[in-house]
Amino acid sequence: MSERKPVEQENTMEAAATRKKANAKPAKLGRDVQARLGQQLRSMYDDVVNQGVPDRFNDLLNRLDNDGNKDGQ
Amino acid sequence: MAMDESVRKAILGAVPSLRAFAISLCGNVDRADDLVQETLLRALANIDSFQPGTNMSAWLFTILRNHFRSEYRKRRREVEDTDGHYAESLKSQPEQYGQVEFREFREALAQLPQDQREALILVGASGFSYEEAANICGCAVGTIKSRVNRARTRLAELMHVNSAEDFGPDETVRAVLASGE
């Protein structure tokens, strides 16, 4: 009785190749998607920008400026 | 030496955008503000190396970015998986970074590699040109371009958007409201 090697292995490899093809990334993002992502990024960023300059930074520069003046005298 | 008034104005003028950049780098408002403060102290200590007439904002961004990088490297030795840690810190403080509406976007942004995240923010939100962003990051213009492209593609994947409709009804409603203004 001869032992038969299953041919499954080949099939599996073929299946893997097909999967790989299916998972290939789309070449390019649509302009509309890019625009919407950009919009979200800017709104998030501008949310912080619109908070202006917190007091601690004005205070910091004032303090440094005063220290500087004292040193100069 | 008293601070030159124009220097002072330029520095304060850059602070809002520096904060936004810092927050998007480290994902935490308090740490971001410390980062901005350390940046200003460094900048003023080295103000002689600033060339008048050049872009103050780009100069400050460069200092902040380099400072963040060296801090980040130090922390990385202490904490494994810093990007994962960053994503976690975002989840625990959703209200700190603007409104809840950006949550999904923020979480996707947090999952980007740092190189891609900073390139995308500099070009896509801070309004720097590819050339300026390349100077700030100390790399070639082509590198910035490819980082920005990869960042966009990855963001779309993470947010599962293939077309503008995938942004959901809220987004559509908001866009309609905004266009009606």
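Start with the largest nonpolar core, which has 49 residues; select B:Leu18, B:Ala22, B:Leu64 and B:Ala133, the members that touch the most others. A nonpolar core is a set of buried Ala, Val, Leu, Ile, Met, Phe, Trp, Tyr and Cys residues joined through C-beta atoms within 7 Å. Buried means that 20 or more other C-beta atoms, placed from the backbone, lie within 10 Å of the residue's own. This is a predicted model, in which local features need pLDDT of at least 70, side-chain atom pairs count only at pLDDT 80 or more, and totals for chains, interfaces and linings use all residues. Residues are numbered from 1 along each chain as its sequence is written, and chains are lettered from A and ligands numbered from 1 in the order in which they are written.

Next, select helix 1 of chain B (5–26), which gives the most to this core, 10 residues. Helices are DSSP runs of H or I with at least four residues, numbered from the N terminus. Now select B:Leu18 again: beyond its neighbours within four places in sequence, B:Leu18 is in contact (C-beta atoms within 7 Å) with B:Val36, B:Thr39, B:Leu60, B:Phe61 and B:Leu64.

Move to helix 7 and helix 8 of chain B, which pack at about 100 degrees with axes 8 Å apart. Axes are lines fitted to C-alpha atoms over the stretch in contact, and angles run from 0 to 180 degrees between N-to-C directions. The two helices are therefore roughly perpendicular (65 to 115 degrees). At their contact, select B:Ala133 and B:Cys137 of helix 7, and B:Ile144 of helix 8, among others.

Finally, select all of chain B: of its 181 residues, 34% are buried.

Note on methods: Buried ≥ 20, exposed ≤ 12 C-beta atoms within 10 Å, placed from the backbone. Contact = placed C-beta atoms within 7 Å. Parallel < 35°, antiparallel > 145°, perpendicular 65-115°, else oblique.
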